[in-house]
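Subject: Structure for you to look at

Hello,

Here is the structure I promised to hand over. Please open it first, then read my notes below.

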Amino acid sequence: MASQTRILLSLLFLFLSPLLISCDKDPVHLHFYVHMLPNKTEVLVAKSDIPVPGSFYNFGSVIVLDNLITEGPENTSYPLGRTQGLMSVMNSLTVAWAANIVFTAGQYNGSSLAILGTDDVSQPIRELAIAGGSGYFRMAQGYITIKTYSVDFNIGGAEIEVDLYAYPAKY
């Protein structure tokens with residue numbers, strides 16, 4: 001009987017443990033803009049010969065990012081950090097993100113968030129997952145929504161508007 005009780009308590013602990021590491025800090029909502037500039041803050045490092053209609057890149061293209069994040073839509077607005085990582089182009093107007101939002105100023109300076117997911121740029125609002133973080137955002141979970149703010153068809157650049165909802169964990 002005692003062993004059954006231990007097993008039940010162990011299972012209960014396993015199922016409830018996510019609640020134990022849930023948010024004890026206030027949820028964070030941030031609104032900012034990311035400036036995507038090919039050949040300046042984005043570099044194409046791999047490409048194929050398979051075109052994607054309506055895209056600046058071909059299927060299988062891999063782009064390394066180090067994009068500026070600002071408070072406002074102008075690239076001269078107050079800088080908050082950088083989006084650093086990779087985007088890969090799918091066989092549609094979709095890109096797969098594996099990137100970090102790295103804060104270099106303000107309240108979250110020195111902290112970062114890991115962003116993962118697919119972004120169908122033909123949609124007006126898209127969502128990516130927050131899959132962890134560092135500093136203030138250690139073990140965070142949450143999501144970001146993305147809207148295309150503007151596109152420069154001459155250079156293939158864009159500015160995206162981001163709403164971030166992060167739930168930092170206890171540690």
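Glutamate 159 counts as buried, because its relative accessibility is 18% and the cut-off for buried is under 20%. Please keep in mind that this is a predicted model. Glutamate 159 sits in strand β9. Its side chain makes a polar contact of 3.0 Å with the side chain of histidine 35. Leaving aside neighbours within four places in sequence, glutamate 159 is in contact with Val34, His35, Pro73, Lys147, Thr148, Tyr149 and Ser150.

Now the overall layout. The protein has one helix and nine strands. Starting at the N terminus, the order is α-β-β-β-β-β-β-β-β-β. Of its 171 residues, 37% count as buried. Take the contacts between residues at least 6 apart in sequence: 47% of them join residues at least 24 apart.

Next, the core. In soluble globular proteins, nonpolar side chains tend to be buried together. Here, the largest nonpolar core has 31 residues. Which residues have the most contacts inside it? They are Phe32, Trp97, Leu113, Ile130, Phe137, Ile144 and Leu164. At least two core residues come from each of β1 (28-36), β3 (62-70), β4 (79-89), β5 (94-103), β6 (112-120), β7 (126-134), β8 (141-152) and β9 (157-167).

Beyond its neighbours within four places in sequence, isoleucine 144 contacts Ile115, Arg126, Glu127, Leu128, Ile130, Val162, Asp163 and Leu164. Two of these, Ile130 and Leu164, are also on the list of residues with the most contacts inside the core.

Arg126 brings us to the charged pairs. How many salt bridges does a search of the whole structure find? The search finds two.

One joins aspartate 119 and arginine 126, with the closest N and O atoms 2.6 Å apart. Are these two partners buried or exposed? Aspartate 119 counts as buried, because its relative accessibility is 2%. Arginine 126 counts as buried too, at 6%.

The other salt bridge joins the side chains of aspartate 66 and arginine 82, at 3.1 Å from N to O. This pair links distant parts of the chain: aspartate 66 is in strand β3, arginine 82 is in strand β4, and they are 16 residues apart. Aspartate 66 has a relative accessible area of 33%, so it is partly exposed. Arginine 82 is also partly exposed, with 24%.

Serine 111 is worth a stop. It lies in the loop between β5 and β6. Its relative accessible area is 6%, so serine 111 is buried. A polar atom of its side chain lies 2.9 Å from the backbone nitrogen of tyrosine 136. Not counting residues up to four places away in sequence, serine 111 touches Ile101, Val102, Phe103, Ser134, Gly135, Tyr136 and Phe137. Phe137 is one of the core residues named above.

On to the surface. Val43, Val45, Val64 and Leu86 form a nonpolar patch there. Together they have about 300 Å² of accessible area. Valine 43 belongs to strand β2 (residues 42-46). Its relative accessibility is 44%, so valine 43 counts as partly exposed.

Last, two backbone details. Asparagine 39 has a positive phi of about 70°, although it is not a glycine. It lies in the loop between β1 and β2. Asparagine 39 is exposed, because its relative accessible area is 72%. Methionine 139 is not a glycine either, and has a positive phi of about 60°. Where is methionine 139 found? It is in the loop between β7 and β8. At 43% relative accessibility, methionine 139 counts as partly exposed.

Best wishes

How values were computed. Residues are numbered from 1 along each chain as its sequence is written. This is a predicted model: local features need pLDDT of at least 70, side-chain atom pairs count only at pLDDT 80 or more; totals for chains, interfaces and linings use all residues. Side-chain values use heavy atoms; hydrogens and water are left out. Patches are made of residues with over 30% relative accessible area and no salt bridge: like charges are joined within 9 Å, nonpolar side chains (Val, Leu, Ile, Met, Phe, Trp, Tyr) within 5 Å. Accessible areas come from the Shrake-Rupley method with a 1.4 Å probe; for residues, only the protein chains shown count as cover. A salt bridge is a side-chain nitrogen of Lys or Arg within 4 Å of a carboxyl oxygen of Asp or Glu. Helices (H or I, at least four residues) and strands (E, at least two) are DSSP runs, numbered from the N terminus. Buried means under 20% relative accessible area, exposed over 50%, partly exposed in between (1.4 Å probe, protein chains only). A nonpolar core is a set of buried Ala, Val, Leu, Ile, Met, Phe, Trp, Tyr and Cys residues joined through side-chain atoms within 4.5 Å. Contact means heavy atoms within 4.5 Å. A polar contact is a pair of N or O atoms within 3.5 Å; within protein, one must be able to donate a hydrogen and the other to accept it, and residues adjacent in sequence count only if both atoms are side-chain atoms.
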